[in-house]
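Me: Please take one residue of this assembly and examine it closely. Where does it lie, and what surrounds it?

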6 protein chains.
Amino acid sequence: MPYVNIRITREGASAEQKARLIRGVTELLQATLGKNPATTVVVIDEVDTDNWGIGGESVTARRKTGK
Amino acid sequence: MPYVNIRITREGASAEQKARLIRGVTELLQATLGKNPATTVVVIDEVDTDNWGIGGESVTARRKTGK
Amino acid sequence: MPYVNIRITREGASAEQKARLIRGVTELLQATLGKNPATTVVVIDEVDTDNWGIGGESVTARRKTGK
Amino acid sequence: MPYVNIRITREGASAEQKARLIRGVTELLQATLGKNPATTVVVIDEVDTDNWGIGGESVTARRKTGK
Amino acid sequence: MPYVNIRITREGASAEQKARLIRGVTELLQATLGKNPATTVVVIDEVDTDNWGIGGESVTARRKTGK
Amino acid sequence: MPYVNIRITREGASAEQKARLIRGVTELLQATLGKNPATTVVVIDEVDTDNWGIGGESVTARRKTGK
């Protein structure tokens, strides 16, 4: 019954990569806490780099300066 | 003053359906807990089916296999 | 398969009131969008009034001044 | 190490405005709580006005009636 | 730089189990998407069973009826 | 009408510090984007250090090793 929200920058993750994330997190919750995979929900949010900040600046700005 | 976040898969909900959701949740919070509708916020997130997983696989994959 | 997060201030909502919220939101999603109640998840977060702000001040402060 | 999620309606915020928000929130957390800017994450979600409700109606509907 | 929020019912997960979840999710994001572990944030929310609903009823109610 | 969620580790933030955060974020949204303070909502979540991970380990573990 867990709910997992994974938030990443939108930088070209493929459907296959996202499917592996979903499968992996679901298995991890079963292995670690015995959670039922059938009712484990995983939601992935892909966020534009203008809208993601770390260290006080956007990821867009960081990419430009090679960070 | 409540904040409600409704997350659903992006599968063609109309503006009218979303308006009914907003109205319905707001009324429910007033009827159940006496919350002031004027300051009740409802935010609906529509999520691509590639990005929503249940049972260890994406909704995209589930739709293909008739689940 | 929807996921609904309801956030309210912690001011004594009873288990019965919360059960009515859960039932009501689940029914609303079925009536409005045809969502399957069996996989609709509702999570209620109760937040201390010191930690909830509106209008630039905490709900604790607002309660003291009769707002 | 804080995580801040700012949710606003999608109404034309520029990259520059969003960069100022990111910088401002990061500085505020340092000034107020001594949080390390290097690991402060800020994520801005812009939400369609059809999907944002207040007072029981969508922001789209409110804009039409001059609210 | 990912942010992961894992929400589970509060039913006695130990600090060791939660540490394994944190490690496992962080490794999965590195293996699947090449994300830097140093800036991957994982936050676990444990929610009272009265406040978690599925199938229109609280987990507290479901536990009583053996679901 | 913005909604801001600030998540920090639970390490003794005072009510006064949290009030300053609420006021500061609300003012920032007005100054940067012209948002109405009266309907700006700020919610602060304080999370146990066992439940917050960065770099693949919990903050509890990091504090013990002087990180």
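Reply:
**The residue and its setting**

D:E11 is located in the loop that links β1 to α1 in chain D (helices, H or I, of at least four residues and strands, E, of at least two are DSSP runs, numbered from the N terminus). The model is predicted, so local features need pLDDT of at least 70 and side-chain atom pairs pLDDT 80 or more, while totals for chains, interfaces and linings use all residues. Residues count from 1 along each chain as written, chains are lettered from A and ligands numbered from 1 in written order, and side-chain values use heavy atoms, without hydrogens or water.

D:E11 is classed as partly exposed because its relative accessibility is 40% (buried is under 20%, exposed over 50%, partly exposed in between; 1.4 Å probe, protein chains only). Beyond four places in sequence, D:E11 has contacts (heavy atoms within 4.5 Å) with D:T49, D:R63 and F:K35. Its side chain forms polar contacts (N or O atoms within 3.5 Å, one able to donate a hydrogen and the other to accept it; neighbours adjacent in sequence count only through side-chain atoms on both sides) with that of D:T9 at 2.5 Å and with that of D:R63 at 2.8 Å. Between the C-alpha atoms of D:E11 and D:I54, 43 residues apart in sequence, the distance is 16 Å.
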